[in-house]
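Here is a quick walk through one predicted model, taken piece by piece. Have the sequence and the coordinates open as you read.

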Amino acid sequence: MFKQAIPVFAKGKEKEMNYQLILRAESKELKECILYVTACSFYRLTVNGTFVAFGPARTAKGYARVDEINLDAYHTEGENEIVLEVAGYYCGTLSTVRQPSFAVAELRRGEQVLLATGRGQDFFGYRSCRRLQQAERFSAQRHFGELWDYTAENPYAEEYRVELVPAENQPKYLLRTVPMPTYEYIGTDCYTSQGTFHYEESRACRENRYSSGLVSPAWGQYYPSETVALPYRWIQKQKQEKTRGEGTFPLRLSEGEYVIMDMGAIYAGFLRLDVTAHEACDLVLGFSEFCSPDEFAFTDLKIQAVMEYFIPAGKRIDCQSFEPYTCRFAVLMVKKGSITVSGFGIRSYEYPHSLMIQRQIRDPELKRIYEAAERTFAHNAVDLFTDCPSRERAGWLCDSYFTGRAEYFLTGKTLVEDAFLENYRLYRNEGETVEGVLPMCYPSDFPMREERRFIPQWNMWYILEVRDYLNERNRTANREAFRKSIYGVVKYLADCENSDGLLQNLPDWNFVEWSTANEWVQDVNYPTNFLYSEMLYAVGELYGDERMNEKAARVRAKTRELSFDGEVFVDNAVLGEDGRLHNTRNVSEAGQYYAILFGEVDVNAPQYAKLKEYVGNSFSTFQRGEREFVPVNAFIGLYLRICVLMKLGERNILREDLKTFFGGMVDATKTLWEYKQHKGSFDHGFASFAAIAVEYVENKVRFSVENL
């Protein structure tokens, strides 16, 4: 994809954490020119001072996806400045692979190469003097927080020049298959409240264990003693006192004063700030998915949602965060000096809404839920399916099973799923997990090699997703390309079977759903074995493997036989002192949905009459007796219930469930959440599956995999 350009980086800096390199070039021509560009970990492209793009789309270790960006619209007469800022993070995360940093770029007009990295003096390299390298982690799952120093007069001064050398990392190049994101600016000229603040030692301060030196050094971090600022804890120690309500910008603030902005909904993208310092200023920006408009607070998301700016007197900065985040509320607090705030906003970073299918939803409440599902999808389908656009931006299996269905339903295409699944096909185990097992999320590099951390059930959901993808959503894809990864999982799980053919004592992190059901996973977990039977059927269907079909039938029948107590399905059996398995009295609502969806359970059969009653009334009449019972949480129990209600044709029940469960979320953030409780992410990708349920309720679309 590059004719002359080669990967380069600053000499000796390829394995430094949070090193920001700037590549700068000039060209007399941009008309009819294409810039081919990629990097590790991320790049930001500006041309003639105008933001152009952020990338690249993430992929597997040893590979790089190349963006092709038309620069014709940015041409001016004379010299055109091209600036490529590259963040080389080189740390353990759930959102990128750890590998030596590089950048490669080539400007071409047709076949003519105008500029190329590694060729003569086309690009000059500079160490970023503005983004401070030694910052705390934003979160373990992502990278480093952003601290910005604007005191340097000339960021391209000779003192910041670095030697560019051929990079150690020479990736294999892939095309970008996902659409380029939208970069629409959503600004506000209003604020919600303003006031004063002062330090108060007694105020509670949540220390993020992933960001304050309390996590294993293997993740890669700078400790609090190594950083110049700790804004996350600083904000929490400030007592806020509101002095006035709404107003409009511009607004002058002095030391000890703050202002809160409310965007009205969660937006995902790059935070933009326009301020002028009247004297040397230390300014802290905090952002949150949800809080009071009168008092800023962070949500329980395990992130350090802060940035800090050091601005010299007389300087105006109209700046944008390097990475994308999520925000509904934001606070600006003047730690030192005085400023005038002229504006605040967010530049979107999301899947283009213009590529989504337009549908008519008549019920006003359901329409709002549908629109929230669309927004949630757009925020979580930029370069791969992500769990959330905030804490992690990680590509989790199982989440992707639901988001993959949502993509096809909302867009009629599989552009993001194509890339997501390709990343998994390209994954090569380098000892970080058990042979044959896929990582729980990818691309990632989480330093848990000794723990060999993975989720067995997520490997099963991977195979179910691949089956639906190949059979219903992308029939032209090559199913043989998936054979190796699928049969690797099959082989591993076969070694975990007991004498009944059921999975027993699965290692590592077993996940049924976010409830007490996750504590009932040993020794034999019946929901997992229902899922296992469906996985085996999927393999048999994909590859005409009758052995898998026969095995699936045995596992399904045995699991159904052992787990049904005459009324409901129990969750697990434990090994007794007599060496035999004995059923517990643990019953999860989610477990019933695993049985109905994957256990060939006909709820209209007489023996399942009570179970059908419980499903219809959300288990409100269920009598525990001596049994332990837990209702569903959002993930994945609620979504299994949605599938069950569609399968059973219970549209009226589903209609009320949707309004009850999602209505409050839409009111608060116009996005759909990770949990039903007020914690975690308020913008979670799998929740976009709710759009399918809304369409089913409204327009009576027949429930089938093909329609999803």
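Asparagine 525 has asparagine 572 as its bridge partner in S26. S25 and strand S26 (residues 572-575) run antiparallel, with 2 bridges joining them; strands pair here if DSSP finds at least two bridges between them. The two belong to an open sheet of 3 strands, ordered S25-S26-S27 and paired antiparallel. Its edges are strand S25 (524-525) and strand S27 (581-583), each pairing on one side only. As for the names, strands (E, at least two residues) and helices (H or I, at least four) are DSSP runs, numbered from the N terminus.

A word on ground rules. This is a predicted model, in which local features need pLDDT of at least 70 and side-chain atom pairs count only at pLDDT 80 or more, while totals for chains, interfaces and linings use all residues. Residues are numbered from 1 along each chain as its sequence is written, and side-chain values use heavy atoms, leaving out hydrogens and water.

The loop between helix H6 (483-494) and S25 holds aspartate 523, and the peptide bond from glutamine 522 to aspartate 523 is cis, with omega near 0°. Asparagine 505 sits in the loop between H6 and S25 too, and its phi is near 55°, a positive value in a residue other than glycine. Another cis peptide bond joins cysteine 40 and serine 41, with omega about 10°; serine 41 lies in the loop between strand S3 (34-40) and S4.

S4 takes us to another open sheet, this one of 6 strands in the order S5-S4-S7-S2-S10-S12, again with antiparallel pairing. S5 and strand S12 (161-162) are its edge strands. Inside the sheet, strand S2 (residues 19-27) and S7 run antiparallel and are joined by 9 bridges.

A pocket here is an open set of points on a 1 Å grid over the protein atoms alone, where a 1.4 Å probe fits and protein lies on both sides within 12 Å along at least five of seven lines; lining residues have an atom within 4 Å of a point. Of its 23 lining residues, Arg44, Thr46, Glu85, Arg130 and Asp318 are closest to the centre.

| Strand | Residues |
|---|---|
| S4 | 42-47 |
| S5 | 50-55 |
| S7 | 80-88 |
| S23 | 316-320 |

S23 gives the largest share, 5 residues. By class, the lining has 10 nonpolar, 5 polar and 8 charged residues.

What about the aromatics? There are 64 aromatic pairs, counting rings of Phe, Tyr and Trp (its six-membered ring) whose centres lie within 6.5 Å; planes under 30 degrees apart are stacked, over 60 edge-to-face and the rest tilted. Tryptophan 461 and phenylalanine 598 make an edge-to-face pair, 5.8 Å centre to centre with 70° between the planes. That pair links helix H5 (residues 456-473) to helix H9 (residues 589-598), across 137 residues.

Finally, confidence: pLDDT, the predictor's score for each residue from 0 to 100, averages 95, and 97% of the residues score at least 70. Residues 703-708 stay under 50, and the model has 18 contacts (heavy atoms within 4.5 Å) for them beyond four places in sequence. Where pLDDT is low, the predicted coordinates should not be read in detail.

Terms used:
Nonpolar A, V, L, I, M, F, W, Y, C, P; charged D, E, K, R; others polar.
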